[in-house]
Amino acid sequence: MLDRHDQVIRGFAEACRRGDVTALAAVLDVDAVATCDGGGAAPAHGAAEVAQLVMAVLCGRSGAELTVESVNGRAGLALRRASRAVAVAAAETAGSKVTALWIVLNPAKLGGWHRRR
C-alpha cells in the first residue's frame with residue numbers, strides 16, 4: 001500500500017505527463033516553493049508559479065520519460081531521454097499537497113541517475 005506522499009507524487013507525475021498545468025497547480029500547496037540548481041531558473045513561489053516552472057522543465061519533453069522513483073529515500077521524479085537523466089526532483093508533501101520541490105538539472109550531478117542500456 002502506498003503512503004500519502006507516494007500517492008501525491010504519483011498524481012503529480014500523472015498531471016505532468018498529461019501536460020495539465022491546472023491539475024499540477026491543484027496538487028501544489030498555495031505556498032509551494034520550487035528550487036532548481038541549474039538552467040538559469042530562479043526559485044518559484046506559489047502554486048501557479050511552481051506549476052509553470054514544472055511545465056517548463058519536467059513536462060512535455062519530446063522523447064523523454066518521466067518516472068516516479070526513490071529520490072533521497074522518498075518518492076520523487078526522474079526525467080530521462082534515451083536512458084540519460086535530464087532532471088531529478090525531490091519533493092516534500094503535507095497531506096495531499098506538494099509543498100516543496102528541489103529540481104536537479106545540472107548534468108554534472110545527474111551521472112548516477114543514467115540507466116545503462
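Me: Buried here means under 20% relative accessible area. With that cut-off, why is C59 called buried in this predicted model?
Reply: C59 has a relative accessible area of 7%, and the cut-off is under 20%, so C59 counts as buried.

Me: What makes C16 and C59 a disulfide?
Reply: Their sulfurs sit 2.0 Å apart, S to S, and a disulfide needs a pair of cysteine sulfur atoms within 2.5 Å. So the pair qualifies. The link joins distant parts of the chain: C16 belongs to helix 1 (residues 4-18), C59 to the loop between helix 3 and strand 3, and they are 43 residues apart.

Me: Why is that disulfide called left-handed?
Reply: Because the torsion about the S-S bond of C16 and C59 is about -120°.

Me: And C36, how do you know that it is in no disulfide?
Reply: The nearest cysteine sulfur, that of C59, is 12 Å away, while the limit is within 2.5 Å. As for burial, C36 has 11% relative accessibility, so it counts as buried.

Me: Why do strand 2 and strand 3 count as edges of the sheet?
Reply: The six strands run in the order 2-1-6-5-4-3 in an open sheet. Strand 2 (44-45) and strand 3 (64-71) each have a single partner strand, so one side of each lacks a neighbour in the sheet.

Me: What makes strand 1 and strand 2 a pair?
Reply: They share two bridges in the antiparallel sense, and pairing takes at least two. So they pass. V33 stands opposite H45 in strand 2.

Terms used:
Residues are numbered from 1 along each chain as its sequence is written. This is a predicted model: local features need pLDDT of at least 70, side-chain atom pairs count only at pLDDT 80 or more; totals for chains, interfaces and linings use all residues. Side-chain values use heavy atoms; hydrogens and water are left out. Helices (H or I, at least four residues) and strands (E, at least two) are DSSP runs, numbered from the N terminus. Buried means under 20% relative accessible area, exposed over 50%, partly exposed in between (1.4 Å probe, protein chains only).
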